[in-house]
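Student: Could we go through this structure together? I would like to begin with the aromatic side chains.

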Amino acid sequence: MIGDKAAVRNRETLVTAREGAVDRRENAVDAREGTAASREREIRAADATQAAADDHMAMLQQANTRLVIATLEAQKLAEQLGKAKVQLEGAKLVAEKANRAKSEFLSSMSHELRTPLNAILGFAQLLEAGSPPPTDTQTERLQQIIKAGWYLLELINQILDLAVIESGKLSLSRESVSLIEVMRECQAMIESQAQKHDTHINYLPFDHGWVASADRTRVKQVLINLLSNAIKYSRQHGTVEVACSATPERLRISIKDSGAGLSPQQLAQLFQPFNRLGQETGDEEGTGIGLVVSKQLVEMMGGSIGAESTVGAGSEFWFELIRDVSPPQSAADNAMPAMLSPQAREGAGRRRTLLYVEDNPANLLLVEHMIENIPQLRMLSALDGNHGIALARTQLPDVILMDINLPGINGFQALKILRDDPATAHIPVLAISANAMPRDIQRGLEAGFLGYLTKPIRIKEFMLALDMALQRVETGQDGTPPPASGP
């Protein structure tokens with residue numbers, strides 16, 4: 001019995017051991033299967049990582065390829081930009097050279113055209129005002145010569161103005177400009193033209209507080225041009241109305257005529273150079289440049305310009321300027337002091353001497369004729385700067401009239417020599433030249449000339465400038481009498 005029980009226990013133990021072994025085998029199988037699955041996952045993860053790395057590498061290679069291409073293209077672009085820069089600099093040099101050549105040509109053209117005009121207009125003015133007076137027929141012919149001469153000069157001036165503006169070399173002098181003062185000056189200048197055309201100009205009231213920030217001379221130029229056009233193209237016995245209005249920022253001047261008016265097609269062609277809108281064959285002279293110059297001047301001053309018109313009812317031109325709230329400088333502050341004319345000073349004292357340094361015989365003869373009726377004034381002449389300096393030192397004239405373009409040394413060089421010499425430094429020197437562009441005049445005044453007269457000579461302006469110089473002699477620059485004049 002005991003043996004059977006032991007055998008049963010052994011069998012049970014064996015069975016248990018076998019079952020344990022089976023469980024261990026199953027656990028081992030499960031472990032192996034888990035390990036295999038884990039390895040499979042690791043393999044898949046490694047494969048995915050490798051694939052991602054391969055993709056990233058491919059992207060880097062593509063990016064590197066694009067970078068290389070971009071670098072090459074950038075190098076090519078840099079080379080092209082370098083070439084373009086060289087070409088641009090070359091073009092700029094060519095343009096500057098052309099611009100200088102253009103300016104020199106215009107200055108030369110102005111000089112060459114003004115020189116013969118000086119003789120034409122100068123002697124015509126002398127004949128018109130001569131004694132005995134010309135006959136009615138002669139007066140009519142002289143007036144035609146003078147009219148044509150001043151018209152030709154106007155054409156020259158406007159062409160030069162347009163060229164200077166387009167070259168970008170026109171400089172403006174901004175100041176506070178009283179519109180009522182400017183309008184009064186323009187009224188005096190334009191009145192004779194209005195009378196000739198039997199046109200009445202109606203100036204509506206201007207406020208004394210209307211002040212613009214602009215170039216006074218250029219505002220007058222624009223106003224004169226618009227007023228002149230309104231008079232020329234108004235009806236016979238017509239009326240021109242001038243008005244001004246204001247906003248806090250702007251001032252507008254309007255000039256309305258009673259002419260035939262402009263069609264929409266003509267209005268669209270305004271402000272085009274040399275376009276006279278069909279008036280080329282009319283009785284009125286014109287250049288077709290004035291409006292173009294006016295537009296560019298107004299815009300350079302920060303303003304605007306325009307026109308409205310109705311066929312049969314006339315036209316209205318207007319321009320606006322920037323308003324200035326600061327007090328204006330009175331025109332009287334810059335006005336030339338009133339002086340006696342040389343004729344009125346015939347008995348005022350000893351005889352005065354004018355030295356005219358000029359290489360053109362016609363110009364010498366013209367000035368000689370202009371002063372021949374002034375007994376208290378005699379004229380000496382020199383054909384070049386060196387001769388003029390020698391005469392100034394020996395004769396000590398009261399006033400010197402100096403041409404700029406002289407053989408040998410020019411007028412500027414001669415002026416410097418005279419100023420550096422204590423014996424002649426006190427003598428007032430007036431420049432007179434056919435170099436009449438604004439920069440020429442400015443350069444002359446900055447050099448020390450007492451005044452700068454341009455050819456063709458206007459007799460009244462010449463006499464006024466000569467009178468100013470002689471008055472300077474009467475008192476002396478420092479208020480004491482100057483050295484005695486030569487015999």
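Tutor: The structure holds two aromatic pairs. Rings of Phe, Tyr and Trp (its six-membered ring) pair if their centres lie within 6.5 Å, and planes under 30 degrees apart count as stacked, over 60 as edge-to-face and the rest as tilted. Phe206 and Trp210 form an edge-to-face pair, at 6.2 Å centre to centre and with 70° between the planes. This is a predicted model, in which local features need pLDDT of at least 70 and side-chain atom pairs count only at pLDDT 80 or more, while totals for chains, interfaces and linings use all residues. Residues are numbered from 1 along each chain as its sequence is written, and side-chain values use heavy atoms, with hydrogens and water left out.

Student: Are Phe206 and Trp210 buried or exposed?

Tutor: Phe206 counts as buried because its relative accessibility is 12%. Trp210 is buried as well, at 14%. Buried means under 20% relative accessible area, exposed over 50%, and partly exposed in between (1.4 Å probe, protein chains only). The areas come from the Shrake-Rupley method with a 1.4 Å probe, and for residues only the protein chains shown count as cover.

Student: Why is the pair of Phe412 and Phe449 called edge-to-face?

Tutor: The ring centres of Phe412 and Phe449 are 5.8 Å apart and their planes stand at 70°, so the pair is edge-to-face. This pair links distant parts of the chain, 37 residues apart: Phe412 is in helix 10 (residues 411-420), and Phe449 is in the loop between helix 11 (438-447) and strand 12 (451-454). Helices (H or I, at least four residues) and strands (E, at least two) are DSSP runs, numbered from the N terminus. Phe412 is buried because its relative accessible area is 14%, and Phe449 is buried at 4%.

Student: Turning to charges, how many salt bridges does a search of the whole structure find?

Tutor: The search finds 12 salt bridges. A salt bridge is a side-chain nitrogen of Lys or Arg within 4 Å of a carboxyl oxygen of Asp or Glu. One of them joins Arg44 and Glu40, at 2.8 Å from N to O. Another is formed by Lys295 with Glu299, where the closest N and O atoms are 2.6 Å apart.

Student: What about Asp403 and Lys455?

Tutor: Asp403 forms a salt bridge with Lys455, with the closest N and O atoms 3.5 Å apart. Asp403 lies in strand 10 and Lys455 in the loop between strand 12 and helix 12, so the bridge ties together parts that are 52 residues apart in sequence. Both Asp403 and Lys455 are buried. Elsewhere, salt bridges that share partners join Glu181, Glu185, Arg216 and Lys220 into one network.

Student: And the backbone: what is the peptide bond from Lys455 to Pro456 like?

Tutor: The bond from Lys455 to Pro456 is cis, with omega near 0°. Pro456 lies in the loop between strand 12 and helix 12 (459-475). Most residues other than glycine have a negative phi, and most peptide bonds are trans.

Student: Which residues have a positive phi although they are not glycine?

Tutor: Asp198 has a positive phi of about 55°, and Leu396 has one of about 45°. Asp198 is in the loop between helix 3 (179-196) and strand 2 (200-203), and is partly exposed at 40%. Leu396 is in the loop between helix 9 (385-395) and strand 10 (399-403), and is partly exposed at 23%.

Student: Last topic: which residues form the negative surface patch?

Tutor: The patch is formed by Glu19, Asp23, Glu26, Asp30 and Glu33. Patches are made of residues with over 30% relative accessible area and no salt bridge, with like charges joined within 9 Å and nonpolar side chains (Val, Leu, Ile, Met, Phe, Trp, Tyr) within 5 Å. Lys and Arg count as positive and Asp and Glu as negative, while His and the chain ends are not counted. The place of a charge is taken as NZ of Lys, CZ of Arg, CG of Asp or CD of Glu. Asp30 is in helix 1 (residues 2-128), and counts as partly exposed because its relative accessibility is 45%.
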